[in-house]
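Reader: I'd like to go through the charged side chains of this protein with you. Could you put it up first?

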Amino acid sequence: MDDSTVARAAAGERAAAGKLYECYHERIFRYLYYRVGDVQTAEDLTEEVFLRMMRALPGYRQGEGTFQAWLFQIARHLAIDHARKAKRRPLVALSRTLSSGSRSPEAAASSLDADILQRALQELNEAQMEVVILRIVAEMPIAEVAEAVGKSENAVKGLQRRGLEALRDVLAEWGVSYD
């Protein structure tokens with residue numbers, strides 16, 4: 001998304017705000033779904049992200065990071081707040097498996113059934129889950145993930161590697177294979 005669209009949206013132009021919504025809605029929703037595990041809650045939180053975006057846009061400073069990272073920071077904070085309020089969610093037993101094969105952990109995470117992946121992600125520590133969702137599900141570049149979570153790029157790379165390894169171990173423990 002170009003900076004002029006963000007600037008026009010910050011100035012109150014509805015069409016520009018609509019373009020931002022169209023561009024980022026799906027990725028924000030997917031990110032939130034994998035964080036909260038419920039479609040309705042993810043939809044509600046996604047709408048809240050864009051409401052907060054509109055309120056905060058006048059204070060957004062272009063050049064101090066990317067707009068996408070800024071927007072995902074809003075989504076991240078909402079997901080954290082939701083998790084605090086919800087406390088602990090029960091883990092539902094797996095009912096199906098995927099075909100076996102050998103691919104990289106990144107490819108496996110991308111190809112897993114959404115429900116299985118969401119459940120498995122809940123088994124990672126918070127930082128690993130955050131990075132894996134932003135990198136694999138939201139398809140954000142490492143630099144933007146680092147900006148969104150407030151860590152160095154090397155820290156993000158390490159969290160991603162350990163998170164994907166832990167994800168592979170969880171799936172193996174559950175007897176889920178992937179191709």
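Author: Helices here are DSSP runs of H or I with at least four residues, numbered from the N terminus. This is a predicted model, where local features need pLDDT of at least 70, side-chain atom pairs count only at pLDDT 80 or more, and totals for chains, interfaces and linings use all residues. Residues are numbered from 1 along each chain as its sequence is written, and side-chain values use heavy atoms, with hydrogens and water left out.

Reader: Which helix is the place of E43?

Author: Take the stretch of residues 39-56, which is one of those DSSP runs. E43 has its place there, in helix 3.

Reader: Is E43 buried, partly exposed or exposed?

Author: Buried means under 20% relative accessible area, exposed means over 50%, and partly exposed is in between (1.4 Å probe, protein chains only). E43 has 36% relative accessibility, so it counts as partly exposed.

Reader: How many salt bridges does a search of the whole structure find?

Author: Side chains of opposite charge can pair when their charged atoms come close. For a salt bridge, a side-chain nitrogen of Lys or Arg has to be within 4 Å of a carboxyl oxygen of Asp or Glu. Searching the whole structure that way gives a count of 10.

Reader: What forms a salt bridge with E130?

Author: The closest N and O atoms of the pair are 2.3 Å apart, and the partner is R35. The two link distant parts of the chain, 95 residues apart, with E130 in helix 7 (residues 126-137) and R35 in helix 2 (residues 14-36). E130 is buried because its relative accessibility is 2%.

Reader: How many residues apart are R52 and E48 in helix 3?

Author: Their side chains meet in a salt bridge at 2.9 Å, N to O. R52 is partly exposed at 32% relative accessibility, and E48 is partly exposed at 22%. Both lie in helix 3, about one turn of the helix from each other, which is 4 residues apart.

Reader: Why are E165 and R161 separated by about one helical turn?

Author: The side chains of E165 and R161 meet in a salt bridge (3.7 Å, N to O). Both sit in helix 9 (residues 153-174), and the turn between them comes about because they are 4 residues apart.
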